[in-house]
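I am opening my notebook on a structure that is new to me. Here is what I looked up, one entry at a time.

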Amino acid sequence: MSRSPGDPRPSFVRWAQSRWLLHQALALIILYLLAVSDLPPAAPTPPPTPVPLITEAAAPAEADWTVSARAAMVRDTIEARGVTDPDVLRVMRTVPRHAFVLEDYLDQAYADHPLPIGYGQTISQPYIVALMTELLELKPGDKVLEIGTGSGYQAAVLAELGNVEVYSIEIIPELAEQAARRLAALGYDKVHLRQGDGYFGWPEHAPYDAIIVTAAPDHLPAPLSEQLAEGGRLVIPIGPPGGYQTLWKFVKQNGEMKAYSQGGVLFVPLTGGPSAR
Ligand code: SAM
């Protein structure tokens, strides 16, 4: 080891001291650079977001019983009887049937039977609504005509399918008016409604890809067959007044109405028609 003349320290001590001085100088430079830097100060770590607890008070109380009642209705009374179309099952789970029944029957809104809606008329049994909707075999873009708006429930079911244009006629003015208000309030405002005698159809918007008749005549009204498009489906109960009827599905093929029986049903009679004119 060498030593400069006049320095009494051993050379390794001088080497160690100079390294220490170098480190000190470097540390001072780094501290200075950090102090003048443009970098924003690191953001403080936010406190963890509290996970909300789902309580009964926070849950949508109105929806609870109707959602589960609809699910049970579809499972036990509609799927169980053989309706399989997933779109039909979806809309039956969606449309709030309780909004279409009279207040006195609210607790029976999802029961397996028809209910009175006033003026001697009824809202049909949920299974029959689902079955008739399935029989219509609606496709996106189809135009469907309903005869017998009643409460507006079947019209809402058709509208809820989406991408289907719905026309509906009711003969009783008060029911027609109530259904119009109810459907608008529930957001089914694209349904075209008319008060009048549906025996004669709605020729201005014909032809229809599908026609559903929810009151029973004793024969197939000719104007309805005429207003059905080629390949169209017409679902209708036909039978003598005051008795059971047969539910028919007609398909128009090469201008001919091919009839397919769907079994026995019980509907209120179709009023109006040529004899009422
Ligand atoms: N589809 C209705 C619903 O979802 O509430 C139920 C229909 S109810 C079983 C039968 C309806 O057909 C009654 O509202 C009745 O006034 C109506 N109706 C009877 N004859 C009619 C006709 N010639 N034209 C239009 N509607 C008629």
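**Entry 1: a residue in a loop**

In which loop is Glu-137 found? I found Glu-137 in the loop between helix H4 (126–135) and strand S3. Helices (H or I, at least four residues) and strands (E, at least two) are DSSP runs, numbered from the N terminus.

Before going on, I noted that this is a predicted model, where local features need pLDDT of at least 70, side-chain atom pairs count only at pLDDT 80 or more, and totals for chains, interfaces and linings use all residues. Residues are numbered from 1 along each chain as its sequence is written.

Back to Glu-137: its phi is near 50 degrees, a positive value in a residue other than glycine. My cut-offs: a residue is buried if 20 or more other C-beta atoms lie within 10 Å of its own, exposed if 12 or fewer, and partly exposed in between, with C-beta atoms placed from the backbone.

Asn-254 has a positive phi of about 50 degrees although it is not a glycine. Asn-254 counts as exposed, because it has 7 other C-beta atoms within 10 Å.

Then I checked Pro-207, which sits in the loop between strand S5 (192–195) and S6. The peptide bond leading from Ala-206 to Pro-207 is cis, and its omega is near 5 degrees.

**Entry 2: the whole chain**

I stepped back for an overview. The chain holds seven helices and nine strands. Of its 277 residues, 33% count as buried. I also looked at contacts (C-beta atoms, placed from the backbone, within 7 Å). Among contacts between residues at least 6 apart in sequence, 52% join residues at least 24 apart.

**Entry 3: strands side by side**

I started with strand S3 (residues 143–147), which is mostly covered, with four of its five residues buried. Two strands pair if DSSP finds at least two bridges between them. S3 pairs with S4 in the parallel sense over five bridges. How does the chain get from S3 to S4? The chain crosses through H5, and this β-α-β crossover is right-handed. Right-handed means that, with the strands pointing away from the viewer, the path from the first strand over the helix to the second runs clockwise.

S3 is also joined to strand S6 (residues 208–213) by four bridges, and these two run parallel. Val-144 is a handy landmark here: it stands opposite Val-166 in S4, and opposite Ala-210 in S6. Glu-146 has Ile-212 as its bridge partner in S6.

How many residues of S6 are buried? I counted six of the six, so S6 is largely enclosed by the rest of the structure. Four bridges join S6 to strand S7 (residues 228–238), again in parallel. There, Ala-210 stands opposite Arg-233 in S7.

**Entry 4: a helix and its buried side**

In helix H3 (residues 86–94) I noted that Val-88, Val-91 and Met-92 are buried. They lie on the same side of H3, because they cover an arc of only 100 degrees around the axis. The arc is that of the directions from the helix axis to the C-beta atoms.

Next I followed Val-157, which has its place in helix H5. Val-157 is buried, because 25 other C-beta atoms lie within 10 Å. Which residues does Val-157 touch, not counting those up to four places away in sequence? I listed Val-91, Met-92, Val-95, Val-129 and Thr-133. Val-157 and Val-91 are 66 residues apart in sequence, yet 6.0 Å apart in space, C-alpha to C-alpha.

Notes:
Contact = placed C-beta atoms within 7 Å.
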